[in-house]
Amino acid sequence: MTRILIVEDDPELAANLTTGLKDAGYTVLHAADGETGLEIAGHGKFDAMIVDRMLPKCDGLSVISTLRGKGDHTPVLILSALDQVDDRVTGLRAGGDDYLPKPYALSELLARLEALLRRKDSSGAATKLRAGDLEMDLLTRSVTRGGKEIDLQPREFTLLEYLIRHAGQVVTRTMLLEGVWDFHFDPQTNVIDVHISRLRQKIDKGFPHAMLQTVRGAGYMIKAP
Amino acid sequence: MRHLAPRLFRTSTFRLSLLYMAMFGISIIAVLGFVYFATVNNMIRITDETIQREMDDLITEYRRGSAKRLQSVIHARMNDDQVGGWVYLLVDNAYRPILGNIPDWPVEATEAGHWLRFTIPRGQHQYTMRALSTSLPNGQLLLVGMDIHPAEKFTATMIQAALWGAALTLALGICGGYLMSRNMLRRLDVFNRSAERIMRGNLSHRMPVVGSDDEFDRLAETLNSMLQEIERLIASIRGVTTNLAHDLRSPLTRIKSRLELVLTSRADTEKLRHEIDYTIRESDQLLATFNALLSIAEAEGGAARANMKPLDLFEIAEDVADLYRPMAEDKGLDLQLHGEGGIIVTAHRQLLLQALLNLVDNAVKYTDTGGVIITVANDYAHADLSVADTGPGIAVEDRARVLEQFVRLDPARTTRGNGLGLSLVAAIARLHGAELVLDGEDGLEVKLVFKDPSSRKLAQLSA
């Protein structure tokens, strides 16, 4: 069972989040303020934490830096109403692993949480990535599917690399904008979709199984057959 | 001018004039005091010397001849002294007068050879005398003195002058301080009353400018331009609030009516799912509006200034062009990037990216045929980042208006958008001290003009 600790003071948001995470198959514990959060975190082993920035008694960033100070490296997703680029930077500097501004879509949160949990597992710097019959060589920057060479533009290569690193997980449009283009804001356009459909043309055309799938209302996923 | 008098004495002007007055008074007293001591000392010294000489003369006469000769000389001296400025007295060893123009040996002259001071009555007044006594070899005692009454009178005059001077300084200081403070208070009262009127809600009221072009007029002008800006901001906030209410009401109404329909229609799961999907998309649009407002607030707040770094404009342009090229190609548009690297401006990367992205997004969205050109160019004074398209353009009279929040030129609002895109670009331009220029004859050209760019090439040349 994957254990998640939520530290959030808004009871309604916390209840929604708890339900959403339980439905997704996680075991969830909830703390309503920073001190309780620290106490619970100190007693049990968690796979990831979701921490609100504004908390009574001890604010979210202090909770994270206290944990990090104790040598606890549990991945932390920061939630915040301060939807501003510079706050994001402060949050990540304090030791958070990802940052999600409120209001967020549950699908976005689940995708990012999944990415955080996987990041913990992934071992070292591989030079080859693989998903099904799709292979990427990061050194020669070449891509093959079923032994057939696929020619990609540099940006398409980065996009595919990001998707394969998160293979089997939902990757949202904002995650792609952050991870591939380093755009830390939501541009409210469907510009990513065009890039995805181009990439899909190159890697899926002529193959019976479509690897690059659209997850409706959430984002995209590389899925091996 | 009610309660003016008590307030007057608490004004800084009045306190300042009192301070000046005190300093002035002290310096007057110091100067007079110096003159007084210098003069009086000098007069006493001269008097003493004269008396000493006279005494020496008389003793010489005594030595030359005898007591007889001394007496006749004294006699002659007394006759010569018409003014009566000198006193002489010769007494025997029992202090009985032998010769002189004062009747008795003064009690102050106890020891021979000493200076003394005594008074004698002459007519109505007491005259102060300075004298020297000496004993002669035959046992007689001689006293020679001078009237120092003029010196005393001078001293008194000096003290009087000093006192009058001090009194006059005090009077003038208080009067001057009073007048200056009253003048100052009157002018400040006008400012206070104006400020109170403005605080009571009369935002169009202004500080009075009397035309004297003094510091008060300049203060009034500065305050007036500040008030102008405040009035403009409040008006624009009111406008934004109203527009926001309008823009949010329609989607919320749509959501509500559709949800009501679903509630009454006993729809199946698939239908419900569809309706929920629709509601989520509508609320996403609402959230997008709020996010855009927050981004504008961030750019206008100026806190982002702390995170500004020197950036290469061309790299920013490349990032955005790279993101939009496939979309433009799909629409059959030619997206070009002109210019070269090395033009450095101090900027907030994410906000500048967002500004350029908004411009390119608009250009691609509104252009159906032709292309979009992103240009990075510079000369010595400024750097330009421009996005030109071959779309429908914006009429000259609408160009200023589209920068305002919630303004959309498409009256039917058929295209997606919230009317905040260009407002955000304008706010980001302001944050960077850049000028936002809307131009173009066929299509639209939007240009961000950065002042004082630094060129990497120039830096290398000088290094």
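Begin by selecting the contact between the two chains, which takes 19 residues from chain A and 22 residues from chain B; two residues are in contact if their C-beta atoms, placed from the backbone, lie within 7 Å. On the side of chain A that touches chain B, the elements giving two or more residues are helix H4 (85–93) and helix H8 (191–204) of chain A. Of these, H8(A) gives the most, with 4 residues. Helices (H or I, at least four residues) and strands (E, at least two) are DSSP runs, numbered from the N terminus. Colour this side of chain A by residue class: it divides into 8 nonpolar, 6 polar and 5 charged residues. Here Ala, Val, Leu, Ile, Met, Phe, Trp, Tyr, Cys and Pro count as nonpolar, Asp, Glu, Lys and Arg as charged, and the others, Gly among them, as polar.

This is a predicted model, in which local features need pLDDT of at least 70, side-chain atom pairs count only at pLDDT 80 or more, and totals for chains, interfaces and linings use all residues. Residues are numbered from 1 along each chain as its sequence is written, while chains are lettered from A and ligands numbered from 1 in the order in which they are written. The model scores ipTM 0.80 and pTM 0.63.

**The sheet in chain A**

Next, select the open sheet of 4 strands in chain A, which has the order S6-S7-S8-S9 and antiparallel pairing. Two strands pair if DSSP finds at least two bridges between them. At the edges are strand S6 (128–131) and strand S9 (148–150) of chain A, each pairing on one side only. Neighbouring strands of this sheet are turned by 25° against each other on average, direction ignored; the axes are lines fitted to C-alpha atoms, for helices over the stretch in contact, and angles run from 0 to 180 degrees between N-to-C directions.

Zoom in on S6(A) and strand S7 (residues 134–137) of chain A, which pair in the antiparallel sense over 4 bridges. Ala131(A) has Leu134(A) in S7(A) as its bridge partner.

**Two loop residues in chain A**

Most residues other than glycine have a negative phi. Follow the chain to the loop between S7 and strand S8 (142–145) of chain A, where Arg141(A) is found. Arg141(A) is not a glycine, although its phi is positive, at about 55°. Is Arg141(A) buried or exposed? Arg141(A) is exposed, with 12 other C-beta atoms within 10 Å. A residue is buried if 20 or more other C-beta atoms lie within 10 Å of its own, exposed if 12 or fewer, and partly exposed in between, with C-beta atoms placed from the backbone.

Then select Lys57(A), in the loop between strand S3 (48–52) and helix H3 (60–69) of chain A. Lys57(A) also is not a glycine and has a positive phi, of about 70°. With 14 C-beta neighbours inside 10 Å, Lys57(A) counts as partly exposed.

**Chain B**

Move to chain B, which holds 10 helices and 13 strands. Buried residues make up 22% of its 463 residues. Among its contacts with a separation of 6 or more, 62% join residues 24 or more positions apart.

Select strand S8 (residues 343–347) of chain B: 4 of its 5 residues are buried, so the strand is largely enclosed by the rest of the structure. Strand S6 (residues 309–312) of chain B runs antiparallel to S8(B), joined by 4 bridges. Lys309(B) has Ala347(B) in S8(B) as its bridge partner.

Finally, colour chain B by pLDDT, the predictor's confidence in each residue, from 0 to 100. The mean for chain B is 83, and 93% of its residues reach 70 or more. Over residues 457–463 of chain B the pLDDT is below 50, and this stretch has 2 contacts in the model beyond near neighbours in sequence.
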